[in-house]
Amino acid sequence: MDLPFDTLADIEALAAGPVLAALVAQHALGLAVVWNDKAFAEDGAYAYTGADGETRVVLPYSTDPLAAEALVHAIRDRRGGRFSLLAFRDGWLALGHTPQTETMGPRGTLEFTRLDVAPTRALAVARCALRVFVLDDRGPTDDEIEDAQAAWAERFD
């Protein structure tokens, strides 16, 4: 399946469910997802073909905390052990890097405001996996920081 996203905002808008789980399985874990296989359709899941040629169900990575744990390990392996999971009153954020929060101002807040808070831990981790493996996201870009600093200066000048 072609990627239904190509920006950070697109990934943050993805809803939990079988499509997101299959996208994560294919693009983060490297599984051979069979998009037109109806074997598990009654359960609302997609299938993948294992190395042994057997067809298996794609785990619910975006809805099940235990399945999402496999993604945490994949992200940490990709990022040299780095992974941050943050719980807020209204949801979760997962980052495939260590947040840069040592400074007050736009950079520290941009680490969090550039992402949508996910209502569940599993959804936050699934989105993070796509950001890490597809976009190679390592936090705010120089352009994002520059824009945030300009907005900050304009607001407080």
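Author: Please note that this is a predicted model. Helix H3 covers residues 65-78, which makes 14 residues. At 1.5 Å a residue the helix should span 20 Å, and its end C-alpha atoms are 20 Å apart, so the two values agree.

Reader: Which residues in H3 are buried?
Author: The buried residues of H3 are Ala67, Ala68, Leu71, Val72, Ala74 and Ile75. Viewed down the axis of H3, the buried residues fall within an arc of 170 degrees, so they line one face of the helix.

Reader: Why would residues a few places apart point the same way?
Author: An α-helix has 3.6 residues a turn, so residues three or four places apart point the same way.

Reader: And what covers the buried residues of H3?
Author: The cover includes helix H2 (18-27) and H5. On the other side of H3, Leu66 and Asp77 are exposed.

Reader: What caps the N-terminal end of H3?
Author: Asp64 does, with a side-chain oxygen that lies 3.1 Å from the backbone nitrogen of Leu66. Just after H3, Gly80 has a positive phi of about 60 degrees.

Reader: Let us turn to H5. Is Ala122 buried or exposed?
Author: Ala122, which lies in helix H5, has a relative accessibility of 2%; buried means under 20%, so Ala122 counts as buried.

Reader: Which residues does Ala122 contact, neighbours within four places in sequence aside?
Author: Ala122 is in contact with Tyr61, Ser62, Thr63, Asp64, Pro65 and Ala68. Among them is Asp64, the residue that caps H3, and Ala68 is one of the buried residues of H3.

Reader: What about Arg131, buried or exposed?
Author: Arg131 is also placed in helix H5 (residues 121-133). Its relative accessibility is 3%, so Arg131 counts as buried.

Reader: Which side chain does the side chain of Arg131 join in a polar contact?
Author: The partner is the side chain of Glu12, at 2.7 Å. The side chain of Arg131 also reaches the backbone oxygen of Ala94, at 2.2 Å. Leaving out residues up to four places away in sequence, Arg131 touches several residues, including Leu8, Ile11, Leu95, Leu115 and Asp136.

Reader: Where does Asp136 lie?
Author: Asp136 lies in the loop between H5 and helix H6 (142-156). Asp136 has a positive phi of about 55 degrees, although it is not a glycine. With a relative accessible area of 37%, Asp136 is partly exposed.

Methods:
Residues numbered from 1 in each chain as written. Predicted model: local features only at pLDDT ≥ 70, side-chain atom pairs only at ≥ 80, totals over all residues. Heavy atoms only, no water. Helix = DSSP H or I, 4+ residues; strand = E, 2+ residues; numbered from the N terminus. Buried < 20%, exposed > 50% of the residue type's maximum accessible area, 1.4 Å probe, protein only. Polar contact = N/O pair within 3.5 Å; in protein donor to acceptor, adjacent residues only side chain to side chain. Contact = heavy atoms within 4.5 Å. Expected span 1.5 Å × (residues − 1). Arc of directions from axis to C-beta.
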